[in-house]
Amino acid sequence: MKKFIHDLTVKSVEALSSKHVLLKLTSDSPLPTITPGQFVEVRVDHSPSTYLRRPISINLVDYQQNELWLLIAMIGDGTRQLGKLHVGDTLNCLYPLGNGFTLPTEPSENMLLVGGGVGVAPLLHLGHEIKERGGEPSFLLGARTKDDLLELDLFQQLGHVYVTTEDDSLGEKGFVTDHSVLKKEKFSRIATCGPKPMMMSVARYAHARGIECEVSLENKMACGLGACLCCVEKTTEGNLCVCKEGPVLNIKKLLWQI
C-alpha cells in the first residue's frame, strides 16, 4: 500500500477527558483508503525532548468530510505537545502504516470488538466499516472508571455496547473478560486492542473456544517502516516487525502462553 507524508490541518480539537484529546485532521487532497487498525507516525514539533515520530492509531476516517481522527492519550512530552495543537495548525503525518483488522465477509457475522483504555481508538473505525457493510458489531469496552470510557456515545451508534469498570461506576464490575455477555453470546470472531494483559486474557478466552481472534499490538515503534527493528515480536513465523507486518496479528501467530 502506498505511503504518504502530508501536512494535515487541524480541523477541530476536542478534550474528551483531562488526559485525552480528539484531533480531527483534514487535507486539501482526498484522504487515501485506510484499513481499520492502521496507524500514522506523526512528527512532534516544538518539543525539544521528542526526537522521533510518535505512532498513533487511526480512530476514524470520515471520507465524506475528508477527516482523519486521532485519539491522543497525553502521557509524555510528545503527546502532551500534540494536545496543545489548535484549529488551523498543521501536523505532519506519515500514513497509512501497517496492516489492519480482517473485515467480516458476511453482514450476519457476529463479531465482538474488545477495547481497553485508549485501545478503543481503532475499534471505532473498525465498527464503522462493519456497519457500512451492513453488519452490526458488538463492543465490549473496559476502563478503570466511567470517566475513563472514551467515545461511548459514538460506539452506541454503531452496535451493541457492553461495559465493564473496575470500580463498578458503570456497567459490570471487573475486567472485560469478566463480563456476562461472554457467557451468554456466541461470537464468530474477536478483534481487540488495549493493554497487553487485557489482550492476552481475551486471546485466552478466544483460544479456549476456538474463536478466530486478532490483536492490535502496541510495541514501541519508531520508524513505522520496519527499518529500525525496535518493535520486533517473536512469532511462529520468526521475528516480525509489528509496524510493518502488524500491528494487527492473528493470535495463532503469537507465542503468548495462552
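# Strand pairings, cis bonds and positive phi angles

Reader: In strand 12, which residue is the bridge partner of Arg 189?
Author: Strand 11, residues 189–193, and strand 12, residues 212–216, pair in the parallel sense over five bridges, where two strands pair if DSSP finds at least two bridges between them. Strands (E, at least two residues) and helices (H or I, at least four) are DSSP runs, numbered from the N terminus. Within this parallel pairing, the partner of Arg 189 in strand 12 is Glu 212.

Reader: What kind of model is this, and how are its residues numbered?
Author: This is a predicted model, in which local features need pLDDT of at least 70 and side-chain atom pairs count only at pLDDT 80 or more, while totals for chains, interfaces and linings use all residues. Side-chain values use heavy atoms, without hydrogens and water, and residues are numbered along each chain as its sequence is written, from 1.

Reader: How many residues of strand 12 are buried?
Author: Buried means under 20% relative accessible area, exposed over 50% and partly exposed in between, with a 1.4 Å probe and protein chains only. Strand 12 is mostly covered, and of its five residues the number that are buried is four.

Reader: In what order do the six strands of the closed barrel run?
Author: Strands of a sheet pair through backbone hydrogen bonds, either parallel or antiparallel. In this barrel the pairing is antiparallel, and the order of the strands is 1-2-5-4-3-6.

Reader: Which residue in strand 6 stands opposite Phe 39?
Author: Strand 3, which covers residues 39–42, pairs with strand 6, which covers residues 90–97, in the antiparallel sense and over three bridges. In strand 6, the residue that stands opposite Phe 39 is Leu 97.

Reader: What is the omega of the peptide bond that joins Gly 246 and Pro 247?
Author: Pro 247 has its place in the loop between helix 6, residues 242–245, and strand 15, residues 248–250. The bond that joins Gly 246 to Pro 247 is cis, and its omega is about 0 degrees.

Reader: Is Glu 151 buried or exposed?
Author: Glu 151, which lies in the loop between strand 8 and helix 3, has a positive phi of about 60 degrees although it is not a glycine. Because its relative accessible area is 7%, Glu 151 counts as buried.

Reader: At what relative accessibility does Asp 168 stand?
Author: Asp 168 lies in the loop between strand 9, residues 160–165, and strand 10, residues 172–173. Although Asp 168 is not a glycine, its phi is positive, at about 65 degrees. Asp 168 counts as partly exposed, because its relative accessibility is 44%.

Reader: How far apart in space are Asp 148 and Leu 16, C-alpha to C-alpha?
Author: Asp 148 has its place in the loop between strand 8, residues 138–143, and helix 3, residues 152–156. Leaving aside residues up to four places away in sequence, Asp 148 touches Lys 19 and Ala 143, where contact means heavy atoms within 4.5 Å. Asp 148 and Leu 16 are 132 residues apart in sequence, and in space their C-alpha to C-alpha distance is 9.1 Å.
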